[in-house]
Amino acid sequence: MNFLTVGIICLVLILLFIFCYYQNNKIDKTFYQIKNNDAEKSFRIVHLSDFHSKPFEKVLKETKLLRPDIICITGDYINDHCKSKDKMLEFGKKLVKIAPVYYITGNHERRLDNFDALMNELEQIGFNVLLDRVTETPYCAILGLDENQADFKDYKARKKGTFKYRNMGKYFQQLSEKNKFKLVLSHFPENFEGIKELNYSQYNFDLQLSGHAHGGQWIIFKPLFSPGQGVFPKYARGTFGERPKLIISRGLGNSEFPLRLFNHPEIVIIDVKPE
């Protein structure tokens, strides 16, 4: 093998590394505007999802510049190996200085043996940890769901159609009694309307924010794969419905599969205004 061939191989590898780094670290910002009768005043939500233990400093800078009234994190903040937990706790301390943070669990946190201790640590740094609970802010009422669809055997059962979903009706009933803009945080976007009798879209609320699907991981004309939905997932990005409306974040980090392709990390910004 001559020097020219070696040089070409090295150049190709360098370019491939730069391309992959860009795909996984270039952050997209996606803006939505919602006009709503229940909104008492205008406010901005920054929606972050699926960090998977990656303390994205650029996300901090971008979020601060966006000046949100509230920040919503829809699960998988820390991955199922509890990797970089201390770094993510320090990262969270910086987030709560920007705006109040409302957080729900994802499948990764639910796999952890130290789940309860981690929830306490997140509360201690200032996160509002919502485990099947409704809370009120000056802008809206928020229902945070702890769906606990975490085990790998759950994925197999969902694929077979034998998984037994929890009935979340009583929590949606509590939310419906609030005379404010009604926001739902759910890690799993397919639960909005992709499950039969227990789908969330049947309930009285305004907006659901979800993540989990990582935008399908690779987007080749359409999203390619999501755990729980399989190949060509429907609920991987974008919006569904009007009222209630679902907005899905493509997420920020990666879990077991290390590469995003044509599917940059995403910050979602929602401006809610009175009708």
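## A guided tour of the surface, pockets and salt bridges

Start by selecting helix 1, residues 3-25: with five residues, this helix gives the most to a nonpolar patch. (Helices, H or I with at least four residues, and strands, E with at least two, are DSSP runs numbered from the N terminus.) Before going on, note that this is a predicted model, in which local features need pLDDT of at least 70 and side-chain atom pairs count only at pLDDT 80 or more, while totals for chains, interfaces and linings use all residues. Residues are numbered from 1 along each chain as its sequence is written, and side-chain values use heavy atoms, leaving out hydrogens and water.

**Stop 1: the nonpolar patch**

Now select Met-1, Val-6, Ile-9, Leu-13, Leu-16, Phe-19, Ile-220, Phe-221 and Phe-262, which form this patch on the surface and together have about 960 Å² of accessible area. Patch members have over 30% relative accessible area and no salt bridge; nonpolar side chains (Val, Leu, Ile, Met, Phe, Trp, Tyr) are joined within 5 Å, and like charges within 9 Å. Areas come from the Shrake-Rupley method with a 1.4 Å probe, and for residues only the protein chains shown count as cover.

Zoom in on Phe-221, in the loop between strand 10 (219-220) and strand 11 (222-223). Is Phe-221 buried or exposed? Phe-221 is exposed, at 83% relative accessible area. (Buried means under 20%, exposed over 50%, and partly exposed in between, with a 1.4 Å probe and protein chains only.)

**Stop 2**

Next, select Gln-217, Phe-225, Pro-227, Ser-255 and Glu-256, which lie nearest the centre of the largest pocket, among its 22 lining residues. Helix 4 (107-110), helix 6 (152-160) and strand 12 (225-226) are the elements that each give two or more residues to this lining. The pocket holds about 380 Å³ of space, and its lining divides into eight nonpolar, 10 polar and four charged residues.

A pocket here is an open set of points, on a 1 Å grid over the protein atoms alone, where a 1.4 Å probe fits, with protein on both sides within 12 Å along at least five of seven lines; lining residues have an atom within 4 Å of a point. Its volume is the space filled by probe spheres set on the points, which are joined across faces, edges and corners.

For the second largest pocket, with about 320 Å³ of space, select Arg-158, Tyr-165, Gly-194, Ile-195 and Lys-196, the closest to its centre of 15 lining residues.

**Stop 3: salt bridges**

How many salt bridges does a search of the whole structure find? There are 17, each a side-chain nitrogen of Lys or Arg within 4 Å of a carboxyl oxygen of Asp or Glu.

Select Arg-44 and Asp-271, whose closest N and O atoms are 2.7 Å apart in a salt bridge. Arg-44 is in strand 2 (residues 43-48) and Asp-271 in strand 16 (residues 266-274), so the pair ties together parts 227 residues apart in sequence. Asp-271 is buried, at 15% relative accessibility.

Move on to Glu-90 and Lys-93, which meet in a salt bridge of 3.0 Å, N to O. These two are three residues apart in helix 3 (residues 85-98), and therefore separated by about one helical turn. Glu-90 is partly exposed at 41%, and Lys-93 is partly exposed at 37%.

Finish with Arg-243 and Asp-206, another salt bridge, with the closest N and O atoms 2.6 Å apart. Arg-243 is partly exposed at 43%, whereas Asp-206 is buried at 3%.

Note on methods
Ala, Val, Leu, Ile, Met, Phe, Trp, Tyr, Cys and Pro count as nonpolar, Asp, Glu, Lys and Arg as charged, and the others, Gly among them, as polar.
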